[in-house]
Amino acid sequence: MAFALSNQVQLLSKIAAGNGHGEDSPYFDGWKAFESDPYHPTKNPNGVIQMGLAENLLCHELVEDWLMNNPKASICSAEGLNEFKGIAIFQDYHGLPEFRNAVAKFMGKVRGNRITFDPDRIVMSGGATGAHETVAFCLADPGDAFLVPTPYYPGFDRDLRWRTGVQLVPVVCDSSNDFKVTMEALEAAYEKAQESNIRIKGVLITNPSNPLGTFLDRETLKDIVSFINEKNIHLVCDEIYAATVFTKEPSFVSIAEIIDQDIACNRNLIHIVYSLSKDMGFPGFRVGIIYSYNDQVVSCARKMSSFGLVSSQTQHLIATMLSDDQFVEKFIAESAKRIAERHKAFTWGLSQVGIGCLKSNAGLFLWMDLHHLLKEQTYEAEMALWRVIINEVKLNVSPGSSFHCPNPGWFRVCFANMDDRTMEIALSRITSFMLKNVEAKVPNKKKLCWQRSLRLSMSSRRMDDFMASPCMSPQSPLVQART
Amino acid sequence: MGLLSGKATCNTHGQDSSYFLGWQEYEKNPYDEVQNPTGIIQMGLAENQLSFDLLESWLDRNPDAAGFKRDGQSIFRELALFQDYHGLPAFKKALVEFMSEIRGNKVTFDTSKIVLTAGATSANETLMFCLAEPGEAFLLPTPYYPGFDRDLKWRTGVEIVPIQCTSLNGFQITEMALEEAYQLAQKRHLKVKGVLVTNPSNPLGTTMSRNELNLLVNFITEKNIHLISDEIYSGTVFSSPGFVSIMEILKDRNCENTEVWNRVHIVYSLSKDLGLPGFRVGAIYSNDDTVVAAATKMSSFGLVSSQTQYLLSALLSDKKFAQNYISENKKRLKQRHRKLVSGLEKAGISCLKSNAGLFCWVDMRHLLSSNTFEAEMELWKKIVYDVKLNISPGSSCHCTEPGWFRVCFANMSEDTLKLSMQRLKAFVDSITTTLHNQSNHQSIKNSRRRSFTKWVFRLSFDDPMTGER
């Protein structure tokens, strides 16, 4: 039996037989825990609430209304049927022109029309997942590496490395300065890689950041562009959360804007990855986009897109929907508003029990600081706390270690993938848990300098009041929020 | 150091091949009955456009499926969020039952063994990633689909070694050809990981015989390697002998609990049988759990849109519709095939006797000025530019004999097919006279000899799109 097994394993590739898919990571364990005991308001009210999935459910009914009023968007409805055949046979890897035009326009609108995108540079991919892998195949050979600031999305380990043979070298960003990306950290990571004879082909940033929910300021972006130009390496910007920015000040700056204003930059080094999965909440439709300023990359990526084209049925739907300017503008504004509300409600609820989060203005999640609840500042302690959160508090949150966070005790908590009621229940579970454990773990009221961005407060407001009132106003005199 | 990867700067994507260049010429001057009646007729695209009316009328009667509704209720949210790489259960069930129906229900498929991918393009690449290391090889019978050069080799680093099949026996696979291919791989220091066949064959349009299938099973058993059977055209078998799936052979030989059972994998897609290439619906079916597990994870790079999965699950679950579609589609393919064959006959051209596919493997050897690939290219250029028909030259399919062409018949109206045959007859009439009067020499435009052992016959058109040579 053992012989047969090892014989069989040799028959497969190392990629297939190994665990480069990264699914043994705790990031996915939480999902598995959720799947075996998922929360349901009536069928399983004590189940695990999913807070480990960065999905955007806040504006689906806007889309549903639009669909009802626009039956032509579906090629299979009575109104759209005459287009069915043409769309069904359309497998051109350039994509439907109307699809590319609509996506380019949408990307511009999301960035406040401060920049326009060229539809001819838009290349389709199987979600951002497919986009990242394709970009890696285009820019790097097996053994080459990309620099990635920590903490970063766990899926990158699979998407950029698994089948490509490319490596990821972390740029260590830690809690001492709110995880900001510094030139020192970039240079240090680059030097270290050189010393180990690792060839760096580029830098990968996610802006706005997953899991931080913050975005890079203009100066930092310009510094990064100078860095990559000086080293003649690529910059891949994953802007998948661009429309989840919910503040006007400071304003989100896309790499496209930096390039537009910086004539000295070698555009052949700049590439954007995008998707509709987060901004519109359509992960099931697999709409990934590669936008490169390098003609050769556009050409190569387009050929590779054959391995993950967007279904023409979906292209048609998206083209119709995103061409409706009125709808798009309303959607973008309303979505930002709802994310802001949810964000505020959740951070306030956490602050009531002494839990702080990194100050953020984008994303579908919070970067929650629970290091003060750890028995010791180690990843083992973080994992122990995480198991408690899953098994006792019954919430699936993502442990910072799965994001390669250099400081133990941080967790990513998603808030946009549930309704208001479920959010309240999640908060109440956290509250109950904290109350039970509060004596041992009350944070030190003395403000340490690294806490200046964390909102910590010990409100005296009673739990019943909190539970009874659906509206949690930060203006309440009972709240002592610190920014 | 190079700014881009080796993959970005090489041309293993195969798009310099004449197969794709013919498409480009067509796109510059496409035939249209009204707007461009002297344009190039596309006969190089294996699409099935014969049965759309059946799909359209089903859609008309079933508005829910396309409207993100189930029983009148909106399920938009559910679908928009569904990104589980295990696929929509209802769709997988409908798909495996459809596959079974196509095989006359002689075999059944298990939903736990099917992996959904973005088209067969993605399925084939994914299987390479699962079964072979860079530098290892798969054996493929020639002639084969030109896209395999990209799908199997480009990003995977896997090599293709041809199993030479010839017109002497209707291009069937022989034991000797299999052995020779294996030996050739050994000589090239390539480890052979398996054999990949397309059944029914593209470009031949024939189903593999039981004898060939048994030979393959013997061969892979002896060599302890894999077999991939790309059955993308399984629903296009329109006359006898019927389609025999590799799974049927394994069942007949009681292979269920043997090692070889785990080494046979099927690739499928709805692009040809249902004529829906735009929807990107492909599948891998494997009895090997590790392959299924790995391929499922890899499918993250090319999942099928949930919108499409839902629509097709409704369509294919309608058993009455599915059965009727399969039989009506075959009838129409048979009729259309007959029209092409008789049109060719009138032009004095024969083709390989075939019972499947969306094309014929046409014998134009007698029209070559010499028995060379240069002559084949010359003839092809004349047919594309002068006769205005885009057909695919055999060399682009790695055929070892010059003079064969793949001609598609299911992607146009009957009138257009008639016109194409008229053009062809006129052309043949004109050159037959010329050929009789001329001697056998033709000046070869390119003075460098092209080697027959190259696996891909590349035409170096100066293509500004690719920007590279």
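In the predicted model, buried residues account for 63% of the 483 residues of chain A. The secondary structure of this chain amounts to 17 helices and 13 strands. Among the contacts in chain A with a separation of 6 or more, 75% are between residues 24 or more positions apart.

Chain B has 469 residues, and 62% of them count as buried. Its secondary structure consists of 16 helices and 15 strands. The C-alpha trace of chain B spans about 70 × 55 × 55 Å along its principal axes. The radius of gyration of chain B is 22 Å, which agrees with the value near 23 Å that a compact globule of 469 residues would have. Of the contacts in chain B with a separation of 6 or more, 75% come from residues 24 or more positions apart. Chain B exposes about 17800 Å², and 50% of this area is supplied by carbon and sulfur atoms.

In chain A, an open sheet of 4 strands with antiparallel pairing has the order 9-10-13-12. Its edge strands are strand 9 (356-357) and strand 12 (398-399), each of which pairs on one side only. Strand 9 of chain A runs antiparallel to strand 10 (residues 365-369) of chain A, and 2 bridges join them. Within this pairing, Gly356(A) has Asp369(A) of strand 10 as its bridge partner. Helix 14 (residues 325-351) of chain A packs on the sheet and touches strand 9, strand 10 and strand 13 (410-414) of chain A. The direction of helix 14 makes about 15 degrees with that of strand 10 of chain A. Helix 15 (residues 379-391) of chain A also packs on the sheet, where it touches strand 12 and strand 13 of chain A. The direction of helix 15 makes about 30 degrees with that of strand 13 of chain A.

In chain B, strand 5 (residues 137-141) is largely enclosed by the rest of the structure, because 5 of its 5 residues are buried. In a regular strand, side chains alternate between the two faces of the sheet. Both faces of strand 5 of chain B are covered: Ala137(B), Leu139(B) and Pro141(B) are buried on one side, and Phe138(B) and Leu140(B) are buried on the other. Strand 5 of chain B pairs with strand 6 (residues 159-163) of chain B in the parallel sense over 5 bridges. The bridge partner of Phe138(B) in strand 6 is Ile160(B). Together with helix 8 (residues 147-153) of chain B, strands 5 and 6 of chain B make a right-handed β-α-β unit. Strand 5 of chain B also pairs in the parallel sense with strand 7 (residues 192-198) of chain B, over 3 bridges. In strand 7 of chain B, Val195(B) stands opposite Leu139(B).

Contacts between the chains include those of Lys297(B), which touches His21(A), Glu23(A) and Trp162(A). Lys297(B) lies in helix 12 (residues 289-298) of chain B. With a relative accessible area of 15%, Lys297(B) falls under the 20% limit and is therefore buried.

Definitions and conventions:
Residues are numbered from 1 along each chain as its sequence is written. Chains are lettered from A and ligands numbered from 1 in the order in which they are written. This is a predicted model: local features need pLDDT of at least 70, side-chain atom pairs count only at pLDDT 80 or more; totals for chains, interfaces and linings use all residues. Side-chain values use heavy atoms; hydrogens and water are left out. Buried means under 20% relative accessible area, exposed over 50%, partly exposed in between (1.4 Å probe, protein chains only). Two strands pair if DSSP finds at least two bridges between them. A crossover is right-handed if, with the strands pointing away from the viewer, the path from the first strand over the helix to the second runs clockwise. Contact means heavy atoms within 4.5 Å. Axes are lines fitted to C-alpha atoms, for helices over the stretch in contact, and angles run from 0 to 180 degrees between N-to-C directions. The radius of gyration is taken over C-alpha atoms; the globule rule is 2.2 Å times the number of residues to the power 0.38. Accessible areas come from the Shrake-Rupley method with a 1.4 Å probe; for residues, only the protein chains shown count as cover. Lists of a residue's contacts leave out its neighbours within four places in sequence.
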